[in-house]
Every structure is written in C-alpha cells, then in structure tokens.
Amino acid sequence: MLEKLETHLLLVEDNPGDARLVEVMLKEAGSFRVTWIERLADAVTQLATTDHGIDIVLLDLSLPDCQGLDTVRTIRRTAPTLPIVILTGFDDEQLGLKAVQEGCQDYLVKGQGDANLLRRTIAYSIERRNSEEEREQHAKRLKRILKQTVQAVSLTIEMRDPYTAGHQRRVAQLARAIGQRMNLGEDVLDGLETAAFIHDIGKINIPADFLARPGQLSDAAFHVIKAHPRVGYDIVQGIEFPWPVADMILQHHERLDGSGYPNALKGDDIILGARILAVADVVEAISSHRPYRPSLGIEAAIEEVRKNAGVCYDAAVVEACEAVVRNREFEASEGSDSTAPALFT
Ligand SMILES: [Fe+2]
C-alpha cells in the first residue's frame, strides 16, 4: 500500500481565530491538509461518509451545538477507529484524563505549545490508534479461536457418544438465552456459553459401552456416570478461563435442596452459572428425542422444572427459562440428533 503523502486533519473548532492559528501552525509543520468545520453536527455528517479520507480529528470541547465529553462520544460513535486529539481552552487535566478514558489519544491546551508539539502529538496519536486497533483485532481473533476450540472439544466428546450429539450446543444456546433474560452482562454470558458447550466433558471417562446402552443402568454404571462433573472439573480447572468454567461444570448436577451431586451443595453455595446450566440441561434433555422414546415436548420439560422451582432449581432461572421458551427464543430439537439417555444429562 502506498504511504499517504499528507495527513488529512478534521479541525472541529468554532473560534475562527483559533482555527486560523492551527492552520498556520500545521502549514509550518508541513504535509497536512486541514478541513475546518465549526459545528459538531457537520463534522458527524462528514465522518459518516465512507470515503471521507480523514486521518485524525482535532476537537474543541466547547462547540455551539455540543459541549464537553459529549462531543467526544458523538465522534467516537460515528467513527470509532479514528484518532481524536482534544484542543481546548480549559486548562483542566481532569477533563483531559476523562477524554482519554473516553477513547481520545491526547489532549492539548490552546496557547500552550508550538507547531512542533502539535505535529508530534498528531503523528503519535495516529500511531497509537493504529496499534490499539491492531490489538483490538488480535483480541477479537483470539476470542473467536477460543470459541472455535471449545466447540471442537464439544464435538469431540459428542462424536464418541452419538446419543448426546447436539445436546451441549443446544444447552449453550438455551443457557445464553436464559442469562440474557436475567440481564447478565455480555462477558458473563460468554462464560456461561463456554461452560455449557463442554459441561459433559467428563463423560470422556465413561466406558463407551455404557454410553451406547440406553435404558436402565446398574448401580455401578450409574456410579461411574455420576463422576462426570468431577472428571470434567479436573480436565478444565488448569485452563485460565476468565470465567468460573470449571466450577460451573462441577456443579451442573447440584440441586438447591442438596439432593444433587457430586457434593450435595445447597442454595447459594451453587454458583449462578451452574444453577442456569442445571435448568438448561434438564429442559433440553426432556424436550429432545431419545433412542428409546420420542421427545416428551417442551411443555413437559418446563413443567418438570416449574414444579421443582425453589426446591431443586433456582426459581428466577426457571422463570427466565419459561419466558425464553414462551417467546420462542429457544426451539426444542425436532430431529433425532439428540438422543442421550436422560440419566446422562
Ligand atoms: Fe451432565
């Protein structure tokens, strides 16, 4: 790509004297093209066009149609990747700091500094914004890779156990929808979804012939199956997830009244993520087809958790789950790809 010969600067400044001074200083510094605009609304119109060609915004915080940090927020909303340098008459470091927290690259006070300082500030701000943008893209890519890796692990478990194919993916979908209904933050939802995708990872330790044998199981076989939350915890606990994924996996068969396993935890000793997983897991399992029975239907699934709300299952989670199903934010599996014996959920 050809290096740009000049830097195109959008100067948003309502004082003609100040604007003229900046233009003179930048002319002195060389290699600048300045577009001067007096009102924020006009700057927004200019930046909203796809081929504006602007490299940086030099922004006054006191404009006829907008004041203070709102000017920054408006520009950031319109052109999120563009570097912004504040140029203001207020010698107020606190305001400068706040502007940087809002995403500005730097802060200049009118009447302080010369053409060289202005040129260097602009060059540095463009460089800094470019490297921030690269870091943001890199972080997004890593997040995508993490999600794809978790999904690959999820598929691996299910390939070994065709009766549960698709179960974890649908539990993840339902758990996220429940979490959204409960107004949990996007980051918490990401953690919930991650744990749901691999909540049965501990089943890797269950002999394949147990998995292939639907119906009644011996006490010994059931004992082995009941170990899967602990095995899953042991597999995952060394990964530095930014969420309590291992604990959600460990606790997804715990019940509020202490009747669950492996630790017979009660009430709030069970973390919220695991209380959501528990409901999503049971509702998905009951409403899905099994090799030995057709789907019992989403109504039966909701009835099961509703009658045990406040006893086995968190009442607020059950209520959110019901709302999700009623609003068709989750559809029960129609096909035969989820065929896990209910015991294995
Ligand atoms: Fe499970």
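H253 sits in the loop between α11 (245-251) and α12 (272-287), where helices (H or I, at least four residues) and strands (E, at least two) are DSSP runs numbered from the N terminus. This is a predicted model, in which local features need pLDDT of at least 70 and side-chain atom pairs count only at pLDDT 80 or more, while totals for chains, interfaces and linings use all residues. Residues are numbered from 1 along each chain as its sequence is written, and side-chain values use heavy atoms, with hydrogens and water left out.

- H253 is buried, with a relative accessible area of 5%, buried meaning under 20% relative accessible area, exposed over 50% and partly exposed in between (1.4 Å probe, protein chains only).
- The side chain of H253 makes a polar contact with the side chain of H228 at 3.3 Å; a polar contact is a pair of N or O atoms within 3.5 Å, and within protein one must be able to donate a hydrogen and the other to accept it, with residues adjacent in sequence counting only if both atoms are side-chain atoms.

**The sheet and the helix across it**
- An open sheet is formed by 5 strands in the order β2-β1-β3-β6-β7, with parallel pairing, and two strands pair if DSSP finds at least two bridges between them.
- The edge strands, each pairing on one side only, are β2 (32-37) and β7 (106-109), and the twist averages 20 degrees from one strand to the next.
- Within this sheet, β3 (residues 56-59) and β6 (residues 84-88) run parallel and are joined by 3 bridges; the bridge partner of L59 in β6 is I86.
- Helix α5 (residues 115-160) lies across β1 (7-12), β2, β3, β6 and β7, running at about 165 degrees to β7; axes are lines fitted to C-alpha atoms, for helices over the stretch in contact, and angles run from 0 to 180 degrees between N-to-C directions.

**Helices α6 and α7**
- Helix α6 (residues 167-181) packs with helix α7 (residues 186-197) at an angle of about 155 degrees, the axes lying 8 Å apart, which makes α6 roughly antiparallel to α7 (under 35 degrees counts as roughly parallel, over 145 as roughly antiparallel, 65 to 115 as roughly perpendicular and the rest as oblique).
- Residues making the contact (heavy atoms within 4.5 Å) include Q168, R169 and V171 of α6 and E186, L189 and D190 of α7.
- T194, found in helix α7, is buried, with a relative accessible area of 10%.
- Leaving aside neighbours within four places in sequence, T194 is in contact with V150, F241, W243 and V245.
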